[in-house]
Amino acid sequence: MTAVLCVSCSSFCSACLQECLKPKKPVCGVCRSALAPGVRAAELERQLESTETSCHGCHKNFFLSKIRAHVVTCSKYQNYIMEGVKATTKDASLQARNIPNRYTFPCPYCPEKNFDQEGLVEHCKLFHSTDTKSVVCPICASMPWGDPNYRSANFIEHIQRRHQFSYDTFVDYDVDEEDMMNQVLQRSIMDQ
């Protein structure tokens, strides 16, 4: 893993940095300052190569620079993660649920439909980058906090800045904030 330094504030692994470099004007994922050509974060790389941690599944020790590759193949770690998922998942069969579609979206400019989030971003950049019509963001409108009537004055700018990652990675829509915080605290105690 190669670490790269944002001069203003942060260090990134190369894979994360590549996501920040996708827009026409690359910006830091943390401070949003313009990114210049990457400077290797040599000190961070040295720390990753020399700091040990243990796998939560098999409890073997690895350097931080190698742990990500290990957990992908460690069946005990995969079981550890699944136990955590089971502990935090409510029995869905007992609840009748009306789940909004947060996986496919229509283009707000044209009749095209069934885009995933990344596909919608790419479609709009390719075919509607010069369209100035104010439209409702279908991704935001599908979120629990989204306003289905809010029209973005500059949708292309909005979609490029706000939808470069999937909310599903960070949000459990079925758990309220207090429950989520309690789960995080319980999990952090188990991890020690």
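Me: Is histidine 70 buried or exposed?

Reply: Buried means under 20% relative accessible area, exposed over 50%, and partly exposed in between, with a 1.4 Å probe and protein chains only. Histidine 70 has a relative accessible area of 14%, so histidine 70 is buried. This is a predicted model, where local features need pLDDT of at least 70, side-chain atom pairs count only at pLDDT 80 or more, and totals for chains, interfaces and linings use all residues. Residues are numbered from 1 along each chain as its sequence is written, and side-chain values use heavy atoms, leaving out hydrogens and water.

Me: Which residues does histidine 70 touch, not counting those up to four places away in sequence?

Reply: Contact means heavy atoms within 4.5 Å. Histidine 70 touches Cys55, Cys58 and Phe62.

Me: How is a pair of aromatic rings described?

Reply: By the distance of the centres and the angle of the planes. Rings of Phe, Tyr and Trp (its six-membered ring) pair if their centres lie within 6.5 Å; planes under 30 degrees apart count as stacked, over 60 as edge-to-face and the rest as tilted. This structure holds 2 aromatic pairs. In one, the ring centres of tyrosine 77 and tyrosine 80 are 5.9 Å apart with planes at 35°, so the pair is tilted.

Me: What is the arrangement of tyrosine 109 and phenylalanine 155?

Reply: Their ring centres are 5.8 Å apart and the planes are at 70°, so this pair is edge-to-face. Tyrosine 109 is buried at a relative accessible area of 13%, and phenylalanine 155 is buried at 1%.
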